[in-house]
Each structure stands twice: as structure tokens, then as C-alpha cells.
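Okay, thanks for coming, everyone.

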Amino acid sequence: MDYVRLGSTGMKVSRICLGMMSYGDPASWGGWVLDEEHAEPIVRQAAEGGVTFFDTADVYSGGVSEQVTGSLLRKIFPRRDDYVLATKVYFATGAGKNDAGLSRKHIMSAIDASLERLGTDYVDLYQIHRFDPETPVEETMEALHDVVKAGKARYIGASSMWAWQFAKAQHTAERGGWTRFVSMQDHYNLLHREEEREMIPLCLDQGVGLIPWSPLARGLLARAGAPAETTRQGMNGDRLRQEQLYGGYGDAAIMERVASTAAYRGTSAASVALAWLLSRPAVVAPIVGATKEHHVADALAGASLKLSEDEIAFLEEPYQTRPQQF
């Protein structure tokens with residue numbers, strides 16, 4: 001496993017980030033989610049393979065994901081400094097009028113609640129899950145700055161928004177002398193490359209590291225050449241979400257090329273798709289979800305697979321632009 005700096009910071013992370021949304025409460029979040037007992041061998045396998053970067057959010061499994069994440073990481077790692085822990089704030093965590101969004105009130109309450117569930121004094125990366133158009137950006141950025149200065153977070157990051165919104169937030173922080181975002185958790189994979197238009201050039205210019213979500217396009221790229229429906233895809237809401245995000249004219253051709261490249265290399269389609277993503281400028285660590293041990297093995301193999309420029313061009317060539325989807 002290679003380790004690189006997160007954007008322009010001095011903090012080093014593994015080139016694979018394990019997404020912890022897959023772990024929590026199956027009853028409240030869906031039958032594809034694993035409880036702590038069944039998640040432990042998978043998280044342990046990732047850690048033994050060199051993964052030190054873990055991402056969750058306060059909304060996953062109604063907070064249970066954070067509880068499971070904190071419990072497992074304390075079991076697996078000897079010291080808190082041995083891993084990098086990220087969580088997120090924005091979506092509703094309760095029925096109250098101030099239980100969502102990026103107001104100062106919600107951010108201050110949410111970080112304390114997350115730390116309690118995680119069982120730690122601080123998170124390494126505190127991210128806004130989305131942009132909040134109802135809260136002045138000055139209020140949000142100053143509140144995040146105060147979270148950092150209080151020692152409750154080491155760095156702050158953002159996720160899925162328009163490039164102009166991200167630029168506005170960064171400029172606001174700079175103007176106020178506040179903490180700036182060091183990472184962008186964006187939607188980026190071989191089937192969805194719209195971030196290459198504006199967000200990625202912006203992040204390259206600003207020294208912001210990319211930690212893409214859905215690097216395997218909700219599993220479509222992992223199953224290239226053998227499209228079988230998963231438990232998660234069988235759920236109506238998730239099936240509709242996948243149809244919203246993917247299904248463009250070039251998708252089938254891309255997946256065929258992923259499958260043929262994987263066969264030629266003697267590896268999995270998932271490893272090829274991750275290797276492509278890791279070859280892209282500004283990408284630090286794709287966030288990989290894993291509910292089976294072979295998912296971890298494929299991710300680790302992808303982190304060490306180096307594609308040639310010809311292979312990269314071959315995989316990219318069929319892509320056709322589509323509307324941006326967060």
C-alpha cells in the first residue's frame with residue numbers, strides 16, 4: 001500500500017479509503033448493511049492490507065455506522081494516531097428544525113454527537129456532506145473553523161457540489177482568515193466523469209485532494225462482463241438511484257473494455273476500474289465500500305495495479321457526457 005498526502009496537507013493517507021456506510025444497522029438502513037460482528041473481519045482485512053483511511057457520516061444507519069466504526073477501529077488499531085478517521089455533517093439526524101443543514105447551531109451539535117458515537121476526542125477530517133443554500137456560507141465556514149480550533153477536527157473537507165459553490169466557500173474562508181477545505185469527496189468514476197469539467201481543475205489549482213465516492217459506479221464496474229443484481233440494487237429506492245446516475249450510451253462499451261482489460265491483466269474488473277481512478281490527477285484515495293472479503297482484495301489489488309497510457313485511453317474513449325449527478 002502506498003501512502004500520499006491528502007491534498008496539500010502534511011497528513012498522509014492510504015491510497016484506498018474504506019467507506020463505512022456499509023456497516024451499521026441492517027434493520028434501519030437496508031438488508032445490505034452489515035452489523036459490527038460481520039463487518040469486523042472485512043475491516044480487519046483492510047487494515048492488515050495497509051488501509052489506514054476510513055470514512056463515515058452521522059446520517060449512515062441513523063448514527064450506528066459511526067458507533068460501529070469507532071468500536072472496530074479501537075479494536076483493530078493499537079493507537080488513535082495509527083488511522084485517519086473522517087465523518088460528515090449536513091443531512092437530517094433528527095426531526096427537529098435544526099437537526100440538519102450547515103448552520104452554526106447544527107454543526108456544533110453534530111460534531112459533539114459524532115465524537116460521542118465514534119468514541120474519540122477528534123476526527124481527522126470533518127466534511128460537509130452537501131452545500132447548504134439556506135445558510136450563509138460565512139456562518140458555515142466560521143463554525144467549521146471553530147471546530148478545528150477547538151481541537152475536535154484536524155482538517156475540513158467538502159462533498160458533491162457545484163464548482164462555483166466550492167470556490168465561494170474557499171474564498172470566504174480565505175477572506176475571513178478561517179480554515180479552508182483540504183479535500184473534495186466527489187462523484188467520479190469511469191461511468192461518470194463530469195467532474196473533469198470544472199471541479200477537478202479547480203481542486204488541482206487549489207491543492208485540494210480528491211477522495212471520490214462510488215468509484216465502482218454502485219458496483220456496475222465491479223461486475224463488468226457479469227452483470228448480476230446485488231441485494232442493494234434489488235431495493236426499489238436504490239434501483240431508481242442507479243438509473244438516475246448511470247445508463248448512458250457509452251456505459252456498456254466502457255464496461256466491456258473494463259472486462260477485457262481485466263481478462264488481459266489477469267485481475268478483476270473492480271481492480272482495473274480503481275487503478276484507472278488512481279491514475280487520474282488530484283485523486284488521493286477512492287472511497288470503497290466492501291461487504292465481502294473479495295471486495296477488499298480487489299481494492300488492494302487495484303491500488304498496486306499500474307495501467308499503461310494506452311490502456312487508460314482505451315478505457316476512456318467510449319465515454320459520452322451526461323448531466324451532472326451528485
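First, what counts as an aromatic pair: rings of Phe, Tyr and Trp (for Trp, its six-membered ring) pair if their centres lie within 6.5 Å, and planes under 30 degrees apart are stacked, over 60 edge-to-face and the rest tilted. By this rule we get six aromatic pairs.

Take Phe 54 and Phe 77. Their ring centres are 5.7 Å apart and the planes sit at 75 degrees, so this pair is edge-to-face. Phe 54 is in strand S4 (residues 53-55), while Phe 77 is in the loop between helix H3 (64-76) and strand S5 (84-89), so the pair ties together parts that are 23 residues apart in sequence. Helices and strands here are DSSP runs numbered from the N terminus, with helices being H or I of at least four residues and strands E of at least two. Both Phe 54 and Phe 77 are buried, meaning under 20% relative accessible area, where exposed is over 50% and partly exposed is in between (1.4 Å probe, protein chains only). Ring pairs also link Phe 54, Phe 77 and Tyr 83 into a cluster.

A quick word on the model: it's predicted, with local features needing pLDDT of at least 70 and side-chain atom pairs counting only at pLDDT 80 or more, while totals for chains, interfaces and linings use all residues. Residues are numbered from 1 along each chain as its sequence is written, and side-chain values use heavy atoms, leaving out hydrogens and water.

Next, Phe 166 and Phe 181: a stacked pair, 5.7 Å centre to centre with 20 degrees between the planes. Phe 166 is in helix H6 (residues 163-176) and Phe 181 in strand S8 (residues 181-185), so parts 15 residues apart in sequence get tied together. Phe 166 and Phe 181 are both buried.

Now charges over rings, which means NZ of Lys or CZ of Arg within 6 Å of the ring centre and within 35 degrees of the ring normal. Arg 154 lies over the face of Tyr 122, 3.6 Å from the ring centre. The charged end of Arg 193 sits over the ring of Tyr 319, 4.9 Å from its centre.

Last stop: which residues make the contact between H6 and H7? On H6 they're Ala 163, Phe 166 and Ala 167, and on H7 they're Met 199, Leu 202 and Cys 203, with contact meaning heavy atoms within 4.5 Å. That's our Phe 166 from the stacked pair again.
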